[in-house]
Every structure is written in structure tokens, then in C-alpha cells.
Amino acid sequence: MRVFLILVTLTCLADAQHQALMDYLERRLLAIEDRISLWHEQTNRYATELREFKQQMVTQIETLDKDKETLRTDLDSVGTRVDRVEREMDYLETQNGAQPCVDVDDKLVEQQVTVVKEKNKAKYAKATDCRDMISSIKAMKILKRVGGPKGMWTKDVGSSSGKVYIFNGTDEDTIYEFGSVRDFTISQGTSMAKTVKLPSPWRGSGHTVYNNHAYYVKEGKELRLIKYNLQNGSVADSAVFPVQDHVPVYSLTPETVIDLAADEEGLWAIYATKETERHISLAKMDANTLDIEQMWDTPCLRENAEAAFIICGTVYVVYNTALPSRSRVQCVFDVSDMVTNDDAPLVYFPKRYGSHSSLKYNPLEQLIYAWDDGYQILYKLAMKKKLEV
């Protein structure tokens, strides 16, 4: 009996120790599980924070790359803008210069004027090998009548986008953009057009559209050329036209003080001043910076002139004639001296209504976009080479 009690006692002790051991192990396992759970939670949080931090770094790097590119672009344009400011300051100084305290040697003044004129008459360095000139007007098509008596319509001369731009009037600020000539033709008025609101009104009808930019003249204390980006809707550049005492380019379109044109060679400005009296002048411009590269005085008269256009560096001035419903190219000036007035063929425009307020040549189509008393007209040209005259 005593042995039995001892065995029972030992068994109870063993069971108690076993239970205590099991309880201890269970507590340890629960503690380990809690630590593992906490570790997983912390690991997930750290991974999430790391991903967020990585995304923030990627975003900041992209932003820095954009800022870097913007800064590079800004730096590239600083030199050009500084040059333009200096040029405009020089222009303003000539307008409001202080009177000299000493007499200037007349011979020195004459020498400086001669140097400027010789520079303007320097041989023109052609940008292309274009040698085309007009032979005759092959066909004429009247598309429709939209707008007032004076205005301008054109395509983008520097691209093949096909879009058509309508500048109605001589002192407005809204361009009408059509997707194609067909859209313009079938549209009821300007109902199918996208409107482009300019930051300032244009002056005259001597605008042009070149490489997705509208170039127009803003009139104020001085004449300012505006380069407007049609894609992002902002002013890409502007510059004062550094010529004094402007007068209307054409007597029959007195609202146009500068007629901008674009051809195979780039951007041009047709203008006139009191200094040249009755004649028209011509300037080759840098389409990117609006700087004037070279200037010429032409023999073409302003009197009775309607409009002009440029093909391959040759300006054709169109005049009203005594013939009913007709106008004619009566003066030709070629900057490369390959064509003279005597060599140029007789070119008559079968004008139907009033007077051309604008004539814009499109070198990609060899068409002239004309505005005649509110009618939009296309003239198809027959061309020949300059050396064939």
C-alpha cells in the first residue's frame, strides 16, 4: 500500500511537471508567434514605406529632369533674348536719342550710312537651291465668301498639316482654324472652325502661318512682330521691327504696314518707310529669333499696289489695272538677281470682285491663297525655272 501511494505521488508529480512544461512551451510559442506577427507587420510597413519613398524619388527625378530640360532651353534662348533687347534699346535710342554736345563730322556720318547700305546690298546667301518663278496663272477657283472685305487666309506654309487659317478683318484677335480646305468649304460660315484667341489684335492683313506658328504685327508706339505658338497657345517670341517712319506698304490696302510672307527660303517682311519714299522694301528674317538678316530697297512702287507674295526669294507686287476685274504683276524683285522686271513674264490675275487684300503663296501646293472683297480664292500657278527666262 505504501508503495502504491509512493507511485501515485510520483505520477502526480510527473503529471504536474509535464503540465508545467507544456504550459511554459505554449507561452513561449505564443510569444514567438506574437513576435513573428509583429515582425511581419513591421516588415510590411517598412516595405510599403520603401515603395512610397521609391515612388517619390522617381517622381522627383522626373521633375528634376523636366526642370533641367526647361533650364537648358531657357539658357539657350538667353543669348538670343539679350541680343534682341540690345537691338530694341538701340532702336529706342535712335527714336529718343539725346542731342550730341559736339558737332559730328559730316563725312563720318556719310561713311557710316554707306557702310549700312553696303551691308544691306551684300550678296544674299540662299538657304535652298530653289529657282522657280511664275510662268502664268493656270486656273482660278472661288471657294466661298466668309468675312469682311479685307482679311487673309492660308495654310501652314512650313508643314503639310492641311489646316486652314482664317484672319478676318484688319484689327481683330481671333483666328478661325479648319481641319482642311474641304471642312472650310462645306462649313456654314465658321461653324466648323476652332477659334484661336490671340493675346493682342493684329494690324492689317499681312500675317502668315509658318511651322505651327502665326506671325502677325501688333501696332502701338512701335510696330512689334508677334510669333504665336498655335499648338500650345502661347506667345513664343516678339520683337520690335527696327525701322523708323513706317508707311503703308500698299496704297490700296493702307491698313497693312508690314506684310509677312513665307516661302522655300523662310520668313520675309515686306514694308515701306518715308525714307524710301514711294518704293517698297524687303527684309529677310530669322523665323526662330525674329532677327532681320538682310534688307533690300526694291524698285517696286507703292502707288496702286494691292498686295504682294514671294516665291523662291522673288517678290511679286500685284497692282490694280484699268482692265475690268483684273490685276497684274507689274513689278518683280529677285534678291539673287536672277530675274529682272524686263525678264519677268506678264502675269494677270482674273480678279472678279474688288481688290486683293492679301496674297499668300504655298510652296508645297504651288497655290496662291487670295482674299478678294471677302471671297476666298485659290490661284493655281504654272511655274518655270529662273534660268529659262
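A disulfide here is a pair of cysteine sulfur atoms within 2.5 Å. Count them by that rule, and you get two disulfides. Keep in mind that this is a predicted model, where local features need pLDDT of at least 70, side-chain atom pairs count only at pLDDT 80 or more, and totals for chains, interfaces and linings use all residues. Residues are numbered from 1 along each chain as its sequence is written, and side-chain values use heavy atoms, with hydrogens and water left out.

Let's take the two disulfides in turn. One joins cysteine 130 to cysteine 312, with an S to S distance of 1.5 Å. This pair ties together distant parts of the chain, 182 residues apart: cysteine 130 sits in the loop between α2 (106-120) and β1 (132-145), and cysteine 312 in the loop between β14 (305-311) and β15 (314-320). Those labels come from DSSP runs numbered from the N terminus, with helices (H or I) of at least four residues and strands (E) of at least two. Are these cysteines buried or exposed? Buried means under 20% relative accessible area, exposed over 50%, and partly exposed in between, using a 1.4 Å probe and protein chains only. Cysteine 130 counts as buried because its relative accessibility is 10%, and cysteine 312 is buried at 0%.

The other disulfide is formed by cysteine 300 and cysteine 331, whose sulfur atoms are 2.0 Å apart. The torsion about their S-S bond is about -80°, so this disulfide is left-handed. It also links distant parts of the chain, from cysteine 300 in strand β13 to cysteine 331 in strand β16 (residues 327-334), 31 residues apart. Cysteine 300 is buried, with a relative accessible area of 1%, and cysteine 331 is buried too, at 4%. Number the bonded cysteines along the chain and the pattern reads 1-3, 2-4.

Strand β13 takes us to a sheet. Strands of a sheet pair through backbone hydrogen bonds, either parallel or antiparallel. In this model, four strands make an open sheet in the order β10-β11-β12-β13, with antiparallel pairing; two strands pair if DSSP finds at least two bridges between them. At the edges are β10 (258-263) and β13 (292-301), each pairing on one side only. Inside the sheet, five bridges join β11 (residues 266-271) to β12 (residues 279-285).

While you are in β12, find serine 281. Serine 281 is buried, with a relative accessible area of 1%. What joins the side chains of serine 281 and aspartate 297? A polar contact of 3.2 Å does; the term covers N or O atoms within 3.5 Å, where within protein one must be able to donate a hydrogen and the other to accept it, and residues adjacent in sequence count only if both atoms are side-chain atoms.

Of its 24 residues, Phe309 and Phe349 touch the most other members. Several strands supply at least two residues each, including β1, β14 and β16, while β20 gives the most, with four residues. Apart from this core lies another, of 21 residues, among them Val157, Ala262, Leu267 and Ala283.

Methods: Core = buried A, V, L, I, M, F, W, Y, C linked by side-chain atoms within 4.5 Å.
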